[in-house]
Amino acid sequence: MASVSNYGYIERMEDKQYSNVKRGGYTYFAENDIIIAKITPCMENGKCAIATGLTNGIGFGSTEFHVLRCKEQIINKYLFGYLNRSAIREEAAKRMTGASGHRRVPIEFYEDLEIPVLPMAEQQQIISQVEQYEAAIRQAQAIMDGCAARKKEILDKYLN
């Protein structure tokens, strides 16, 4: 769970022997699957990702993930964007079951969820627009990170 960011990607991957993970304690997923935290507070915080760059195309993670795999009529990035919206997470939180502190979203929430499946061209257009904004956000973040470092350099140079 710690390896998945709140921003839609797997931050850290670790290769292990299959024999060490095939028995219990892990959830199996494959390249391009969507993994979504089912336990509180991880689900509410947006811990989910599209699994990419997996060694041999397979991965194993926490049992506290739901795994969703897309069919031909829906693009995984489109579905991921739809499911990772705060409105969906809020609805999922309302359906959680279990004791306080260990509440989980049942898989039935996602099975029963009505998802608008747009034509492939429209899904791709939405994905393209989102990717453009994500790129702009990364660029702006890089500029802000650089400004903070330059500010520190100036303060250190003139005020020490």
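Colleague: Which residue forms a salt bridge with Lys-77?
Modeller: Lys-77 forms a salt bridge with Glu-131, and their closest N and O atoms are 2.7 Å apart. A salt bridge here is a side-chain nitrogen of Lys or Arg within 4 Å of a carboxyl oxygen of Asp or Glu.

Colleague: Where do Lys-77 and Glu-131 lie?
Modeller: Lys-77 is in helix H2 and Glu-131 in helix H5, so the pair ties together parts that are 54 residues apart in sequence. Helices (H or I, at least four residues) and strands (E, at least two) are DSSP runs, numbered from the N terminus.

Colleague: What should I know about the source of the model?
Modeller: This is a predicted model, in which local features need pLDDT of at least 70, side-chain atom pairs count only at pLDDT 80 or more, and totals for chains, interfaces and linings use all residues. Residues are numbered from 1 along each chain as its sequence is written, and side-chain values use heavy atoms, with hydrogens and water left out.

Colleague: Is Lys-77 buried, exposed or partly exposed?
Modeller: Lys-77 counts as partly exposed because its relative accessibility is 43%. Glu-131 is also partly exposed, at 31%. Buried means under 20% relative accessible area, exposed over 50%, and partly exposed in between (1.4 Å probe, protein chains only).

Colleague: How many salt bridges does the structure hold?
Modeller: The structure holds six salt bridges. One of them joins the side chains of Arg-104 and Glu-64, at 2.8 Å from N to O. That pair links distant parts of the chain, 40 residues apart: Arg-104 is in the loop between H3 and H4, and Glu-64 is in the loop between strand S4 (58-61) and strand S5 (65-68).

Colleague: And is Glu-64 buried or exposed?
Modeller: Glu-64 counts as buried, since its relative accessibility is 16%. Arg-104, at 30%, counts as partly exposed.

Colleague: Let us turn to H3. Which residues are buried there?
Modeller: In helix H3 (residues 86-94), the buried residues are Ile-88, Arg-89 and Ala-92. Viewed down the axis of H3, these fall within an arc of 100°, so they line one face of the helix. The arc is that of the directions from the helix axis to the C-beta atoms.

Colleague: What covers the buried residues of H3?
Modeller: Their cover includes H2 and helix H4 (107-112), where contact means heavy atoms within 4.5 Å.

Colleague: Which residues are exposed on the other side of H3?
Modeller: Glu-90 and Lys-94 are exposed there. For Lys-94 the relative accessibility is 63%. The side chain of Lys-94 also meets that of Glu-91 in a salt bridge of 3.0 Å, N to O.

Colleague: How far apart are Lys-94 and Glu-91 in the helix?
Modeller: Both lie in helix H3, three residues apart, which is about one turn of the helix. An α-helix has 3.6 residues a turn, so residues three or four places apart point the same way. Glu-91 is partly exposed, with a relative accessible area of 38%.

Colleague: Back to H5, then. How many residues has it?
Modeller: Helix H5 (residues 120-159) has 40 residues. From its first C-alpha to its last, H5 reaches 58 Å, close to the 58 Å expected at 1.5 Å a residue; the expected span is 1.5 Å times one less than the number of residues.

Colleague: Which residues of H5 are buried?
Modeller: Gln-123, Ile-127 and Gly-146 are the buried residues of H5, and they pack against helix H2 (76-83).
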